[in-house]
Amino acid sequence: MNIQNLSVLDEVHICPDCNSKMSCCEVPPVHVGDGLGWGSEVFFICLNDECPVFKNGWKKIEVNYGHKGSFRNMQLPGSKELNAMMVASKIAFTGSIVDPDALREQNERYQKEKKAIESLPTCLADNDITPVMTLILDEAAREQGRRDAIDILIKFNDLSCIDPIRNHTFKNTEFEQKCNMVIAVLLKNNYQKECPFCAELIKAQAKKCLHCKADL
Ligand SMILES: [Zn+2]
Ligand SMILES: [Zn+2]
């Protein structure tokens, strides 16, 4: 879920009937209720089972509509207008509670990816490898962006990319193999190799590792 306006996550809504903090929930994919237009991606709902609105609602609905259900108090972001939302069960909406921190994190990652993709065409001219590495190491980034980044990586001829790639766990083996190929070319072009014992970079023709002193 990409939320457009993150400031709604800072809103605090208190249920006027039970004084408990209302939960921030993702709006259902289909519009529910008549005349209730969701102009929003999230809404606030009182999920307190001891709330009098919810406790008394079962009887009200039974009497008025003859089916099983109750009401929960809800408010839309930026509004203190109280609405009663019909719920069919105790657990309705409990599965769509939004975790503001997780959502903020998700959004931050998404913005970083977006910025990296935008900088990709100019990063070589700017001599800035950051967007390339951001995309390669972001497992949640779109595949095409990561593919483009790997293609550009080789043009940087920058051996500092090796460590972060080696330390990264790729879920996609195709990307891992492509990166390994790029690294192999970079090492060759720079007359370097990785010590098979300590993984430090050493001269391609070295007989003894400068770092771990192993004989090669
Ligand atoms: Zn309440
Ligand atoms: Zn070594």
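This briefing describes the sheet, the nonpolar cores and the helix packing of one structure. The model is predicted, so local features need pLDDT of at least 70 and side-chain atom pairs count only at pLDDT 80 or more, while totals for chains, interfaces and linings use all residues. Residues are numbered from 1 along each chain as its sequence is written, and chains are lettered from A and ligands numbered from 1 in the order in which they are written. Helices (H or I, at least four residues) and strands (E, at least two) are DSSP runs, numbered from the N terminus.

- Four strands form an open sheet in the order 1-2-3-4 with antiparallel pairing, where two strands pair if DSSP finds at least two bridges between them.
- Strand 1 and strand 4 (83-87) are the edge strands, each pairing on one side only, and the twist averages 45 degrees from one strand to the next.
- Strand 1 and strand 2 pair in the antiparallel sense over four bridges, and Glu26 stands opposite Val42 in strand 2.
- Helix 1 packs on the sheet, touching strand 3 and strand 4, and its direction makes about 135 degrees with that of strand 3; axes are lines fitted to C-alpha atoms, for helices over the stretch in contact, and angles run from 0 to 180 degrees between N-to-C directions.

**Nonpolar cores**

- A nonpolar core is a set of buried Ala, Val, Leu, Ile, Met, Phe, Trp, Tyr and Cys residues joined through C-beta atoms within 7 Å, and a residue is buried if 20 or more other C-beta atoms, placed from the backbone, lie within 10 Å of its own.
- Of the 16 residues in the largest nonpolar core, those that touch the most other members include Met22, Phe43 and Cys46.
- Strand 1 (23-26), strand 2 (42-45), helix 1 (52-65) and strand 3 (70-75) each give two or more residues to this core, and the largest share, four residues, comes from strand 2.
- Apart from this core lies another, of twelve residues, among them Ala116, Cys123, Val132 and Cys161.

**Helix 4 and its packing**

- Helix 4 (residues 143-156) has 14 residues, and its buried residues are Arg146, Ala149 and Leu153.
- These buried residues pack against helix 2 (100-123), helix 3 (130-136) and helix 6 (173-189), contact meaning that C-beta atoms, placed from the backbone, lie within 7 Å.
- The axes of helix 2 and helix 4 come within 11 Å and cross at roughly 35 degrees.
- Glu113, Ile117, Leu120 and Cys123 in helix 2 meet Gly145, Asp148, Ala149 and Ile152 in helix 4.
- Asn157, whose phi is positive, near 50 degrees, follows helix 4.

Notes. The expected span of a helix is 1.5 Å times one less than its number of residues. Two residues are in contact if their C-beta atoms, placed from the backbone, lie within 7 Å.
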